[in-house]
Amino acid sequence: MTDVTAMTATQIAGLVATGAASAVEVTQAHLDRIAAVDGRVNAFLHVDTEGALAAARDVDARRAAGEELGPLAGVPVAVKDVLTTKGVPTTVGSKILEGWRPPYDSTIVQRLRAAGTVMLGKTNMDEFAMGSSTEYSAYGPSRNPWDTDRIPGGSGGGSAAALAAYEAPLAIGSDTGGSIRQPGAVTGTVGAKPTYGGTSRYGLVAFSSSLDTPGPCARTVLDAALLHAAIGGHDPRDSTSIPAPVPDVVAAAKLGATGDLSGVRLGIVTEFGGEGAEPGVTAAFNEAVDTLTKLGAEIVEISCPHFRYALPAYYLIAPSECSSNLARFDGVRFGLRTGDDGNRSLEEVMSLTREAGFGPEVKRRIMLGTYALSSGYYDAYYGQAQKVRTLITRDFTAAFERVDALISPTTPFVAFPLGARTSDPYQMYLADLFTIPSNLYGGPGISVPCGLSEGLPVGLQVMAPTLADDRMYRVAAALESAVGTLTPPTM
Amino acid sequence: MAAISREEVAHLARLSRLAVTEEELGTFAGQLDVILQAVAQVGEVAAADIPPTSHSVPLTNVLREDVVTPCLTPEEALSGAPDAEEQRFRVPRILDEDVAS
């Protein structure tokens, strides 16, 4: 048998379905790969060897009993450590939850289990999903398999690095401002942010509740679509979950793979043109635009005048929601408690616990949000940002009257060296310049590899209207059919 | 001019229940100043008559049937607590003794 770790999820599922390989064999091969390379990648915070092999044995038993298995049965998956997993450590990349074993599974993880996928473990991330490099993880950064001196993106850098290092064929991420798409772009993998409310937040440790969106990561567009279909759809336990069927993203990916985009109108956002994308990123993007034209797409330029205010609006809205959400980490119900010597008051113990448990970026955002929400500043900061959010939504709505989807580079720069942006937090924020508008609007976005710059991957982003996730899969799959997948240097 | 002073950052830290060190105060004051000056750009947008958006999903008052369903046992709910006593979360004292008496 050829090396299963090099295969797509679709291929692996085919092997398991026909009995050419057992789920246990597939799982063991990936566990061996993790053991061999993760010391250099640090994609995983926790590898659940026993749980994975037990889940794989279960799939094999069900197949032997003649049970009908789903399209991803027996396929290993890595899960970002932001989702609760019953009995399996969930840290959110933070010291404040070190050692916590949740008493329940998130909806996404329940659906992964129901689909017969095999969870290999939990992946590294910037603490509480705040960051673009995994350098804000309390457990050390993950490294980019293309160049281990460079960042794998963030916050979901662990999931993306696990894919690029062939430690897993599928992974789950969460995207609040670009945390699925930007890591996908800089590791040469595929990452999709579904429509907000299209995937359940139940059991997703909250950062910014009006923006947080779990979603699929994979090495091919079709694999991402299959994973999207498996985890998406209405969840009565999430009050912001949309009671509508998941768009047929799998059919759209297959349609796109035929390489025909005739009749599809794509818009390039004028306001993204002048802003700080590196020349190499712009060049790769322009080449991809030519390719999309050759595939039959019609390209038009579209002005979205308020997109330039998306980054500042986001960095008021997200920290405001974060300062409220992270109040639950008070050293009472779960996680760390520091300084409880029998003499200190509850308030002192809370303050010492939070000081010891949170890292610097989390503290900055909590204080920034507290500032933006405080009386006297609320109208000028949080209130104004919410109005800008309305205007950005109107820009999207107007654009989608003229085009089927918008395209842009996913992120302004290729994977940067570790340490290059940690001293200036605002420089780190710029990584999400092109991904943030979709989060504020709530629509879906996907990053697909479109070429290389300086030998490093560049991603192209497709943004679609809310609940039209299928459109972005079609465009992404078409581009993939022309460009091909990117293969990192051998580790 | 700085958008935020060291004293204001100390106040924010207290409101946020973060026992930050003197050294952190200096670092955070400088960094928050840069960030606040950048995000203040939202003020350039003429938006006086624009309604705010708090959420992109057009759903309000999502309710379910009032039916009892299985939930965590007390042991499960307390399993991650730093300290528990008599099926409750144990916390440090909240009131000063002289206030409580």
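**Exercise 1.** What percentage of the 491 residues in chain A do buried residues make up?

*Solution.* A word on the source comes first: this is a predicted model, in which local features need pLDDT of at least 70 and side-chain atom pairs count only at pLDDT 80 or more, while totals for chains, interfaces and linings use all residues. Residues are numbered from 1 along each chain as its sequence is written, and chains are lettered from A and ligands numbered from 1 in the order in which they are written.

- Step 1: A residue is buried if 20 or more other C-beta atoms, placed from the backbone, lie within 10 Å of its own.
- Step 2: In chain A, 64% of the 491 residues are buried.

**Exercise 2.** Find how many helices and strands chain A has, and compare its radius of gyration with that of a compact globule.

*Solution.* 
- Step 1: Chain A has 17 helices and 11 strands (DSSP runs numbered from the N terminus: H or I with at least four residues for helices, E with at least two for strands).
- Step 2: The radius of gyration is taken over C-alpha atoms, and the globule rule is 2.2 Å times the number of residues to the power 0.38.
- Step 3: For 491 residues a compact globule would have a value near 23 Å, and the 21 Å of chain A agrees.
- Step 4: The C-alpha trace of chain A spans about 65 × 55 × 45 Å along its principal axes.

**Exercise 3.** Describe how helix 2 and helix 3 of chain A pack.

*Solution.* 
- Step 1: Helix 2 (residues 23-41) and helix 3 (residues 49-64) of chain A pack at about 155°, and their axes are 8 Å apart (axes are lines fitted to C-alpha atoms over the stretch in contact, with angles from 0 to 180 degrees between N-to-C directions).
- Step 2: That makes the two helices of chain A roughly antiparallel, a term for angles over 145 degrees.
- Step 3: From helix 2 of chain A, A:A23, A:V24, A:T27 and A:L31 meet residues of helix 3 of chain A, including A:T49, A:L53 and A:D60 (contact means C-beta atoms, placed from the backbone, within 7 Å).

**Exercise 4.** Is helix 7 of chain A enclosed or open?

*Solution.* 
- Step 1: In helix 7 (residues 221-231) of chain A, 11 of the 11 residues are buried, so this helix is largely enclosed by the rest of the structure.
- Step 2: Among these buried residues are A:D223 and A:H228.
- Step 3: A:G233, which follows helix 7 of chain A, has a positive phi, near 105°.

Technical notes: Angles under 35 degrees count as roughly parallel, over 145 as roughly antiparallel, 65 to 115 as roughly perpendicular and the rest as oblique. Two residues are in contact if their C-beta atoms, placed from the backbone, lie within 7 Å. A residue is buried if 20 or more other C-beta atoms lie within 10 Å of its own, exposed if 12 or fewer, and partly exposed in between; C-beta atoms are placed from the backbone.
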